[in-house]
Structures are given as structure tokens and as C-alpha cells.
Amino acid sequence: MVAGALIQEHPRRSAAPEESDTASFHTPEEKSGPAAEHSHYMNLTNGAVEVTVVDTRASEQEIPQDEEQAMLPGHPKSPQTKLYLRRFAVLAVFCLYSLVNAFQWIQYSIITNIFTFYYDVSNDKIDWLSMVYMVAYVPLIFPATWLLDKKGLKITALLGAGLNCVGAWVKCASVRPDLFGVTMLAQIICSVAQVFILGLPSRVASVWFGPREVSTACATAVLGNQLGVAIGFLLPPVLVPNTVGDKEQMGYNISIMFYGTAVISTLLFLLTVIVIKDKPPLPPSQAQATLPDCPPEEYSYKRSIVNLFSSCPFLLLLISYGIMTGSFYSVSTLLNQMIIAHYEGEEVNAGRIGLTLVLAGMVGSIICGLWLDYTKTYKQTTLLVYILSFVGMLVFTFTLNLDKLIVVFFTAGVLGFFMTGYLPLGFEFGVEITYPESEGTSSGILNAFAQIFGIIFTLIQGKLTTVYNPLIGNIFLCAWILIGMILTAFIKSELKRNNVNMGITNKALQAVSHMWFTR
């Protein structure tokens with residue numbers, strides 16, 4: 001065979017770094033004898049990928065033990081990595097403004113009967129205040145992920161926090177019975193803000209956190225959004241009680257809720273300006289260091305999208321994730337109507353049941369994140385949680401009409417633990433099977449499908465609940481979750497990012513090089 005070298009430029013998945021990073025793999029010193037004639041190595045430096053092959057038969061052999069050790073994290077010849085304390089501040093600020101955005105999503109639907117009375121509109125109009133989040137996400141996610149890949153984490157975070165703040169202040173101007181259109185406009189602004197929020201957990205975790213904490217960090221970032229939903233279930237029924245006989249007092253209570261949200265949103269926007277950066281000076285993991293680095297204008301966003309939609313495992317995950325998350329959105333939006341249908345006058349308890357559902361899910365998210373960091377069993381964990389979510393939905397469906405609120409609290413908690421706990425699992429599993437594609441792009445597309453399914457499920461389940469009863473609507477969701485569970489079982493699990501972080505097999509290197517060479 002004739003020896004040759006292949007060199008090709010490739011883009012990094014984020015904006016140009018604040019400081020120059022260099023990532024490379026090296027073999028040990030060449031040795032004399034036959035071993036040297038069959039050696040091969042891979043070098044990634046400043047956006048260039050170079051593979052030198054002396055004998056093609058070597059590609060079928062295992063990497064020598066000393067070369068294998070050279071790729072292990074911590075070896076002197078490995079790319080330099082470092083963890084910064086600032087990562088916790090970045091994660092905390094992101095969680096907080098994601099929390100406020102989620103709170104603004106659910107604050108109307110959990111007290112649907114109060115807002116229908118105040119604005120003199122039908123239930124479906126209030127449902128659209130929730131569904132507008134899903135509608136806005138689908139067409140805007142592609143420009144949003146393009147912006148994330150081109151301009152980086154900070155610009156995207158500023159847009160999310162800034163629009164969230166603007167939407168909160170516009171709501172303050174909508175507290176009048178004839179200004180439903182203004183409150184809808186405000187909610188549309190907030191829904192645009194969430195496009196720049198929902199796809200960031202995987203990016204924040206991957207760019208700032210090490211390989212042994214990345215799944216926990218992603219789960220924590222998702223947890224911020226879940227906590228916002230939980231507070232959205234809890235506070236509105238308390239802040240805005242059902243004062244049917246006094247619409248003026250009702251308006252005053254609504255304004256208190258809106259102004260409080262606006263002030264907090266403003267403070268969090270200022271913190272975002274100060275704290276969040278695109279990336280640390282040095283990468284936190286081998287997987288981040290291995291990604292080639294070059295100017296963002298050379299990055300092909302279209303090529304990345306094509307690669308993702310060409311991956312069969314990712315397509316299966318896309319549909320199954322959309323079904324599960326869309327079901328969660330539908331249950332959250334229609335929870336007030338389901339509870340009131342069986343327990344009239346229990347608006348406050350409906351909020352508490354929603355709180356129980358989400359708080360249990362937050363615990364599930366953290367446990368699942370810790371478990372993934374410890375075991376790296378992505379598919380097994382995802383499938384198990386999917387199965388248990390299906391069981392939880394069945395139990396919730398057939399115990400809702402037992403006239404025992406304590407049972408509803410318990411079943412909602414079980415459902416939330418698994419259904420909400422699934423959200424970060426889907427993000428992290430998607431990043432693993434699509435590496436080295438952008439975390440923001442894969443997460444964004446997953447969320448887009450979740451919004452599509454959320455809109456469809458909410459409209460259909462809402463109609464079934466209104467025309468028939470909550471039982472029929474919930475059975476509809478159970479059937480779809482069963483389909484998602486079957487699809488999850490067929491996903492092929494190839495942990496590409498974890499393989500690169502461990503650097504223990506030749507196959508891991510070939511996976512990375514093949515992905516880049518075929519661009």
C-alpha cells in the first residue's frame with residue numbers, strides 16, 4: 001500500500017472561543033521494528049484533522065496498550081482540560097430564568113376558570129395562552145439553533161432572558177377585562193423567549209461540565225424549567241383566588257402576580273449579562289477538546305441538520321421523545337379542567353396536584369442524571385423510565401374519578417416522577433448517539449417535535465375531555481405512550497461521546513473521523 005495523508009477542515013459546533021484551544025491525540029515515540037511499520041495515528045489541531053496510514057491492515061487491529069493509555073484523560077499527552085467554578089454560576093442563572101419562563105407558560109391554564117371569567121372568553125382561548133408556546137417553538141427553533149451555533153451561548157441566553165423580561169412587563173399592561181389581546185401578545189413574546197431557552201441544557205452541560213457530571217448538569221438545567229412549572233401550579237391559585245363576585249379585586253390580584261414576575265425577570269436578565277459566557281478558556285472534557293475549532297462562518301448548519309435526519313436511531317428517539325414530552329405538556333395544560341370535572345371548586349388543590357406532579361419529576365430528573373453519570377446505561381434507563389411512565393399514566397387515568405383527592409395526589413406524583421424525569425434522559429441520549437453534532441441542534445429538534453406532539457395532543461385531548469370526559473382523553477394519551485415505548489426499544493445505542501471521553505477503543509476514533517470526513 002502507498003502511504004498517504006488526508007487533511008480536511010471542519011467547523012466547531014459553537015462560536016469562536018474566547019481563547020485559543022488546541023486538542024490533539026499523539027502516539028508514543030515511534031519504535032523500531034515491525035510495530036513501527038504498522039502504526040497509525042490521528043491528529044486534530046485547530047480545526048484540522050489529519051490521519052496518516054502506513055498499512056491499511058492496521059485499521060483492523062486494536063490500538064497498542066501504550067497508545068491506548070495515551071488517549072486516557074489525565075495522560076500528559078492528552079488535550080488539556082480544566083473545570084472552572086464559574087460553571088455553577090452559569091448553570092444557576094440559566095436555571096432561574098428558565099424557571100420564570102416556565103412559570104409564565106403555566107400561570108394561565110392552572111386557573112383557567114378565573115381567567116375565562118375575568119376576560120370573558122371561552123376555555124379554548126385560555127388553552128391557547130399555553131399552546132402558543134408550542135406553536136411558536138416549531139418554526140423558530142431552526143433559526144434559534146443556527147444562532148446558537150453561529151454566535152454562541154451568551155447571545156442566545158441574552159435573547160431568552162431579555163424577551164422573557166419584555167413579555168413579563170407587557171403582561172402588566174394587560175390587566176383589564178377588555179385587554180385579552182394584550183395578554184396574548186405578551187404570552188407570544190414569552191413563547192419566543194422559550195425558543196432560546198429549551199434547547200440550552202445540553203449545551204450548557206457539555207460546554208462547561210466534565211464527563212462525570214455532564215448528565216447531572218443537564219438534568220439540573222432541565223430541573224429549572226420543571227421547578228418553574230411547579231411554582232406555576234402552586235402560586236397562581238394562591239395569588240389569584242376565585243373572587244367571582246368582585247372582578248376589580250380579581251384584577252388587582254392578577255396585577256400583583258404579573259408585576260412580581262416582571263421584577264424578577266428584570267433582575268435575572270441583568271445576572272445573565274454579568275455571569276453567562278460562551279465557554280470556558282479550556283474545555284472541560286476530551287469530547288469537547290476533540291471537536292475541531294474553526295471560524296463559525298465555515299460551519300454548515302444545513303449539513304448538520306441533514307446528518308441528524310439521516311440517523312435512524314435519532315429519528316426513533318425524535319418520535320418517542322415527542323410523544324412522551326407532548327403528553328406531559330397536554331396533561332399539564334388540561335390538569336385544571338380534569339380535576340374540576342371530578343372535584344368542583346378545588347382550584348387550589350388542582351394547583352397542588354400539579355405541584356406534586358412536577359416536584360416528583362424533579363426528583364426523578366436528578367436521580368436519572370446521577371444514574372447516567374455513574375452507569376452510562378442510556379438506552380436501558382430511557383426504556384425503563386418510558387415503561388414506568390406508561391404504567392403511571394394508566395394508574396392516573398383509572399383512579400382520577402374515585403372521588404378521593406389523596407389518591408390523585410399519589411398517582412400524579414408517580415406519573416410525574418417518571419414522565420418528567422424522562423426529559424433530561426432524552427436530551428442526553430440524543431447528544432450521545434449524534435456526537436459530534438451540535439448539542440443545541442439535536443436538543444432543539446427534539447424539543448420541536450415535543451411541541452408539535454404537545455399541540456396535537458392538547459387539542460385532541462381537550463376536545464375529548466370536553467365532549468366526553470377526562471377518562472377518554474387520558475386513554476388517548478395512554479395509547480400513544482405505548483407506541484413511544486415500542487419505538488424506544490428499537491433505538492440502537494452507540495455512545496459516541498462517551499467513547500471519545502474514555503478514549504479506550506480504536507472504534508471510538510474511527511467514529512469521530514468518519515463523521516468529519518463524510519461532511
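Residues are numbered from 1 along each chain as its sequence is written, and side-chain values use heavy atoms, with hydrogens and water left out. Because the model is predicted, local features need pLDDT of at least 70 and side-chain atom pairs count only at pLDDT 80 or more, while totals for chains, interfaces and linings use all residues.

**View 1. The largest cavity and its lining.** Searching the whole structure turns up 8 cavities of 30 Å³ or more (a cavity is a set of points on a 1 Å grid over the protein atoms alone where a 1.4 Å probe fits but cannot get out). The largest holds about 170 Å³ of space, a volume being the space filled by probe spheres set on the points, which are joined across faces, edges and corners. Its lining (residues with an atom within 4 Å of a point) counts 16 residues, and Leu198, Val222, Asn225, Tyr329 and Leu423 lie nearest the centre. Look for helices H3 (86-106), H9 (214-239), H13 (312-342) and H17 (422-434), each of which gives at least two lining residues; helices are DSSP runs (H or I, at least four residues), numbered from the N terminus. The lining has 11 nonpolar, 5 polar and no charged residues (Ala, Val, Leu, Ile, Met, Phe, Trp, Tyr, Cys and Pro are nonpolar, Asp, Glu, Lys and Arg charged, and the others, Gly among them, polar).

**View 2. Helix H14 beside helix H16.** The axes of H14 (residues 347-375) and H16 (residues 405-419) come within 7 Å and cross at roughly 30°; axes are lines fitted to C-alpha atoms over the stretch in contact, with angles from 0 to 180 degrees between N-to-C directions. This makes the two helices roughly parallel (angles under 35 degrees; over 145 is roughly antiparallel, 65 to 115 roughly perpendicular and the rest oblique). Contact (heavy atoms within 4.5 Å) involves residues including Ala360, Gly361 and Gly364 of H14 and Ala412, Gly413 and Gly416 of H16. By class, the contact residues are 11 nonpolar, 6 polar and 1 charged.

**View 3. Helix H15 against helix H16.** Here the axes of H15 (residues 378-399) and H16 come within 8 Å and cross at roughly 160°, so the pair is roughly antiparallel. Among the contact residues are Leu388, Gly392 and Phe396 of H15, with Val408, Ala412 and Leu415 of H16. This contact divides into 11 nonpolar, 4 polar and no charged residues.

**View 4. Helix H4 across helix H10.** H4 (residues 112-119) and H10 (residues 247-275) pack at about 120°, their axes 11 Å apart, and H4 is therefore oblique to H10. Ile114, Phe115, Phe117 and Tyr118 of H4 meet Lys247, Met250, Gly251, Ile254, Met257 and Phe258 of H10. The classes are 8 nonpolar, 1 polar and 1 charged.

Notes
On a 1 Å grid over the protein atoms alone, a cavity is a set of points where a 1.4 Å probe fits but cannot get out, and a pocket is an open set with protein on both sides within 12 Å along at least five of seven lines; lining residues have an atom within 4 Å of a point.
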